[in-house]
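Hi everyone, thanks for coming. Today I'd like to walk you through one structure, step by step. Please have a look at it, and then we'll go through it together.

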Amino acid sequence: MNAHSAPAGDNSASAFTVVMLSLVALTFLIAGIAVFAVGALRPAKVDPSVAALANERIKPVGEVQIGNTATPPGGATGGMAATAAADAGPVDGAAVYQQACFSCHASGVAGAPKFGNATDWGPRIAQGIDVLHQHSLQGIRAMPPKGGFMNLSDAQVQAAVDYMVAQVKK
């Protein structure tokens with residue numbers, strides 16, 4: 001007998017095989033019971049009102065339009081032009097501020113003048129409202145054009161600037 005062979009009466013290799021096969025069989029048995037239990041708990045039919053609520057929660061926020069769609073009144077074609085045409089009514093600068101400007105101007109991110117802070121806004125207001133409008137539309141330093149909200153019309157951006165300036169002048 002050499003150093004690498006097992007003694008004739010040693011059944012450790014076959015015992016190991018039996019134990020491993022038993023563990024594999026037990027694993028499959030537990031998995032089968034779990035699949036059966038989960039299947040038994042699943043409702044046979046989904047309530048249509050629950051399905052409608054779920055579909056409402058996961059519906060897409062928007063849609064992509066490719067090509068020329070029907071021309072709306074005023075001759076604007078889909079996309080941003082249609083958004084600008086829809087925004088032709090009076091513009092609420094406070095609402096635009098809350099939607100687009102608040103995240104940076106409330107805390108002064110990247111040097112943005114803080115909302116209502118006369119020290120931050122004073123030198124900017126001294127340049128004139130036209131310069132402020134131009135900077136907000138075209139971007140300046142860390143601020144991208146229109147604050148990064150390219151779907152806003154020029155009038156909306158200007159209304160937001162006017163609102164922020166008015167809060168400093170109070």
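Let me begin with one word we'll need: a residue is called buried when its relative accessible area is under 20%, exposed when that value is over 50%, and partly exposed in between. Please also keep in mind that this is a predicted model.

With that in hand, how much of the chain is buried? Buried residues account for 15% of the 170 residues. The chain exposes about 12,300 Å², and carbon and sulfur atoms supply 64% of that area.

Now the overall layout. The chain has 7 helices and 0 strands, so the pattern along the sequence reads α-α-α-α-α-α-α. What about contacts between residues at least 6 apart in sequence? Of these, 48% join residues at least 24 apart.

Let's go inside. In soluble globular proteins, nonpolar side chains tend to be buried together. Here, the largest nonpolar core has 14 residues, and those with the most contacts inside it are Cys101, Trp121, Leu132, Leu152, Met164 and Val165. Which elements give two or more residues to this core? They are helix H4 (93–105), helix H6 (129–138) and helix H7 (154–169). The top contributor is H7, with 6 residues.

Let's zoom in on one member, Leu132. Leaving aside neighbours within four places in sequence, Leu132 is in contact with Trp121, Arg124, Ile125, Val161 and Val165.

With 16 residues at 1.5 Å a residue, H7 should span 22 Å; the C-alpha atoms at its ends are 23 Å apart, which agrees.

Neither is a glycine, yet Arg141 has a positive phi of about 50° and Lys146 has a positive phi of about 55°. Are these two buried or exposed? Arg141 counts as exposed, because its relative accessibility is 70% and the cut-off is over 50%. Lys146 counts as buried, because its 15% falls under 20%.

Lys146 also has a charged partner. It forms a salt bridge with Asp154, with the closest N and O atoms 3.1 Å apart. At 40% relative accessibility, Asp154 is partly exposed.

How many salt bridges are there in total? The count comes to 2. The other pair is Glu56 and Lys59, whose side chains meet at 3.0 Å, N to O. Glu56 is partly exposed at 48% relative accessibility, and Lys59 is partly exposed with a relative accessible area of 48%.

Finally, let's look at the surface. Phe16, Val19, Met20, Leu23, Leu26, Leu29, Ile30 and Ile33 form a nonpolar patch there, with about 780 Å² of accessible area together. One of them, Leu23, lies in helix H1 (residues 12–41).

To recap: we met a chain with 7 helices, a largest nonpolar core of 14 residues and a nonpolar patch on the surface.

Definitions and conventions. Residues are numbered from 1 along each chain as its sequence is written. This is a predicted model: local features need pLDDT of at least 70, side-chain atom pairs count only at pLDDT 80 or more; totals for chains, interfaces and linings use all residues. Side-chain values use heavy atoms; hydrogens and water are left out. Helices (H or I, at least four residues) and strands (E, at least two) are DSSP runs, numbered from the N terminus. Buried means under 20% relative accessible area, exposed over 50%, partly exposed in between (1.4 Å probe, protein chains only). Contact means heavy atoms within 4.5 Å. Accessible areas come from the Shrake-Rupley method with a 1.4 Å probe; for residues, only the protein chains shown count as cover. A nonpolar core is a set of buried Ala, Val, Leu, Ile, Met, Phe, Trp, Tyr and Cys residues joined through side-chain atoms within 4.5 Å. A salt bridge is a side-chain nitrogen of Lys or Arg within 4 Å of a carboxyl oxygen of Asp or Glu. Patches are made of residues with over 30% relative accessible area and no salt bridge: like charges are joined within 9 Å, nonpolar side chains (Val, Leu, Ile, Met, Phe, Trp, Tyr) within 5 Å. The expected span of a helix is 1.5 Å times one less than its number of residues.
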